[in-house]
Amino acid sequence: MSRLCDKGRGGMRFDILTLFPGMFEGPFGDSIIKRAREAGIISIHIHNIRDFATDKHHITDDYPYGGGGGMVMKPEPIFACVEHVLADVLPEEEAPPIILLTPQGRLFTQQVAMELAQRRRLVLICGRYEGVDERVREHLVTDEISIGDYVLSGGEIPAMVVVDAVTRLLPGALGYAMAPLEDSHAMGLLEGPQYTRPAEFRGWRVPDVLLSGNHAEVARWRRQQSLRRTLERRPDLLASATLTQEDREFLASLGYRGPFSDDKREE
Ligand SMILES: C[S@@+](CC[C@H](N)C(=O)[O-])C[C@H]1O[C@@H](n2cnc3c(N)ncnc32)[C@H](O)[C@@H]1O
């Protein structure tokens, strides 16, 4: 299978280091990511860590010192691969973050996706087996990201998650420019319910306000639904969301009394 390697054309660049390059062909070959690559909004470069193992058998893992089960990824091929990837970064250019995907990293959230979307380039290292030699973490990577409190077999799916979430935030990646701002988590709340045609399906009608054509009323209804849904499903988010007085009054009518993000902290 051919190695995924786009021509850089000024968009955001992702360099992904992996032992399983073939895993990326499908997820990056369809839909929004495919279109973003074709439009030059992003470019994706997959690097096989095994190509950077210099021994005869291209060995990339070894037994853990001190015993124990499983294998650990060796540091030399990972360092060599990252150094190869960074070789074309000009001195005046911003050094890209070198991100290790690991269940021990900081949790990947929409805020982290927004932060990463500001960068020109990201280097993502996918671990396998029992993980990577600690010296990679200590002396090579600049950031560590976890996509959730569970353990996957490798960093490839987490890397896909990061690429997808970041790409949809880039200008031009989505057909509707405001969509990323309206998605759940973008503004600290969950998005409310969505409906499309038909207006009535098996006797279940779309809320009348959505058919009213009154844009102000629709916006107000959407905001209230978003607040209601967040209170029902993720009340923890309300404590850090930016809320207007009207939002607070609506939440109070539902029984929510705080905490709020601007509550005075005790000295
Ligand atoms: C089986 S895991 C190793 C877990 C490691 N022994 C530990 O306890 O931290 C193999 C690789 O999958 C990736 N991985 C697994 N779960 C992940 C998660 N929740 N977020 C990001 N990467 C993850 C990491 O790259 C990791 O090195």
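Trainee: What is the handedness of the crossing in which α8 passes α10?

Mentor: In this predicted model, α8 passes α10 in a right-handed crossing, and the contact there is made by Gln224, Leu227 and Leu231 of α8 together with Asp247, Phe250 and Leu251 of α10.

Trainee: Why is α8 called oblique to α10?

Mentor: Helix α8, residues 215-233, and helix α10, residues 245-253, pack at an angle of about 50 degrees, with their axes 10 Å apart. Angles under 35 degrees count as roughly parallel, those over 145 as roughly antiparallel and those from 65 to 115 as roughly perpendicular, the rest being oblique, and therefore α8 is oblique to α10.

Trainee: How do the residues of the contact of α8 with α10 divide into nonpolar, polar and charged?

Mentor: The residues of that contact comprise 4 nonpolar, 1 polar and 1 charged.

Trainee: What makes α1 and α5 roughly perpendicular to each other?

Mentor: The axes of helix α1, residues 31-38, and helix α5, residues 156-167, come within 10 Å and cross at roughly 70 degrees. The range for roughly perpendicular is 65 to 115 degrees, and α1 and α5 are therefore described in that way.

Trainee: Which residues make the contact between α1 and α5, and is the crossing left-handed or right-handed?

Mentor: The crossing of α1 and α5 is left-handed, and the contact is made by Ile32, Ile33 and Ala36 of α1 with Val163, Asp164 and Thr167 of α5. The residues of this contact divide into 4 nonpolar, 1 polar and 1 charged.

Trainee: How do you know whether Gln194 counts as buried or exposed?

Mentor: Gln194 has 9 C-beta neighbours inside 10 Å, and a residue is exposed if that number is 12 or fewer, so Gln194 counts as exposed. Gln194 is found in the loop between α6 (179-182) and β8 (200-201), and the C-alpha atom of Gln194 is separated by 29 Å from that of Arg37, which is 157 residues apart from Gln194 along the chain.

Trainee: Into which domains is the chain divided, and how far apart do their C-alpha centres lie?

Mentor: The chain is divided into domain 1, covering 12-167, and domain 2, covering 184-267, and the C-alpha centres of domain 1 and domain 2 lie 37 Å apart.

Trainee: What percentage of the residues in the chain is buried?

Mentor: Buried residues make up 25% of the 267 residues, in a chain that has 10 helices and 9 strands. Taken along the principal axes, the C-alpha atoms fill a box of roughly 70 × 50 × 45 Å.

Notes
Residues are numbered from 1 along each chain as its sequence is written. This is a predicted model: local features need pLDDT of at least 70, side-chain atom pairs count only at pLDDT 80 or more; totals for chains, interfaces and linings use all residues. Axes are lines fitted to C-alpha atoms, for helices over the stretch in contact, and angles run from 0 to 180 degrees between N-to-C directions. Helices (H or I, at least four residues) and strands (E, at least two) are DSSP runs, numbered from the N terminus. A crossing is left-handed if the near helix is turned anticlockwise from the far one by less than a right angle, and right-handed if clockwise. Two residues are in contact if their C-beta atoms, placed from the backbone, lie within 7 Å. Ala, Val, Leu, Ile, Met, Phe, Trp, Tyr, Cys and Pro count as nonpolar, Asp, Glu, Lys and Arg as charged, and the others, Gly among them, as polar. Domain bounds come from an automatic or database domain assignment. A residue is buried if 20 or more other C-beta atoms lie within 10 Å of its own, exposed if 12 or fewer, and partly exposed in between; C-beta atoms are placed from the backbone.
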